[in-house]
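The following paragraphs lead the reader through selected side-chain interactions and their surroundings. Please keep the sequence and the structure in view while reading.

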Amino acid sequence: MKQFLFLLVFSIFLTTNAQDVAILKYNGGGDWYANPTAIPNLVAFANANIKTNISKNPQTVSAESEDIFSFPIVFMTGHGNVLFSDEEATNLKNYLISGGFLHISDNYGLDKYIRPELKKIFPALELQEIPSNHPIYNQTFKFPEGIPKIHEHDKKPAQGFGLFYEGRLLIFYDYETDLSDGWEDEIIHNNPKEVREKALKMGSNIIEYAFKN
């Protein structure tokens, strides 16, 4: 039933060319609400550059809520602890295998918490580094070297990881780059224009890929 409802909602999106996206609210004490200007800025950039028509104000959705099936893509970030209950993990799994998509941005400090929680959702799946020739790096904007480096954390290379289910990428996790910081208002991090533009282009690719797949 949930899969049918998701496909129905998504078909409405395709015919009306209008849709909301959402920010994932999770338990555990982490700041799921971090980077408040990030998604509105990304949506504005995508609407202007890849011809989406996404509502300018993102919604907030809880991990256990059936409302999540209304969104073709959900964004997640934060610096601290994440905790999914069994009910939340099951709901997220049903959402994702029904056609949903989750983007996770490692806002420095999230990594050690999110990896075990992803195992609750898909115990048999392993995060895989996504090669630079994958379609997510080759939508409207091209990233021949893979995910761009936006912020320095631990002097490690930027990496894009994914969870694949039956061949489909359904979770994209940016690590050691912090795309969502690059989407925020310029005054917050003082990123150069070209760095912010790279982050916004990569974010637009993620949206475009999620809408197509």
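Arg115 is partly exposed, with a relative accessible area of 31%; in this scheme buried means under 20% relative accessible area, exposed over 50%, and partly exposed in between (1.4 Å probe, protein chains only). The model is predicted, local features need pLDDT of at least 70, side-chain atom pairs count only at pLDDT 80 or more, and totals for chains, interfaces and linings use all residues. Residues are numbered from 1 along each chain as its sequence is written, and side-chain values use heavy atoms, with hydrogens and water left out.

The side chain of Arg115 forms a salt bridge with that of Asp111 (2.8 Å, N to O). A salt bridge here is a side-chain nitrogen of Lys or Arg within 4 Å of a carboxyl oxygen of Asp or Glu. Side chains of opposite charge can pair when their charged atoms come close. Both Arg115 and Asp111 belong to helix H4 (residues 111-121), where they lie 4 residues apart, about one turn of the helix. Helices (H or I, at least four residues) and strands (E, at least two) are DSSP runs, numbered from the N terminus. Asp111 is buried, at a relative accessible area of 17%.

Helix H4 also holds Lys120 and Glu117, which are 3 residues apart and therefore separated by about one helical turn. Their side chains meet in a salt bridge (3.0 Å, N to O). Lys120 is partly exposed, with a relative accessible area of 36%, whereas Glu117 counts as buried at 7% relative accessibility.

A further salt bridge joins Glu176 and Lys149, with the closest N and O atoms 3.9 Å apart. This pair links distant parts of the chain, 27 residues apart: Glu176 is in the loop between strand E7 (168-175) and helix H5 (179-183), and Lys149 is in the loop between strand E5 (128-129) and strand E6 (159-165). Glu176 counts as buried at 1% relative accessibility, while Lys149 is partly exposed at 27% relative accessible area. How many salt bridges does a search of the whole structure find? The search finds 6.

Attention now turns to Asn35. Asn35 occupies the loop between strand E1 (22-25) and helix H2 (38-49), and its relative accessible area of 8% means that Asn35 is buried. The side chain of Asn35 makes a polar contact with the side chain of Asp181 (2.9 Å). A polar contact is a pair of N or O atoms within 3.5 Å; within protein, one must be able to donate a hydrogen and the other to accept it, and residues adjacent in sequence count only if both atoms are side-chain atoms. Leaving aside neighbours within four places in sequence, Asn35 is in contact (heavy atoms within 4.5 Å) with Asn107, Asp178, Ser180, Asp181 and Glu184.
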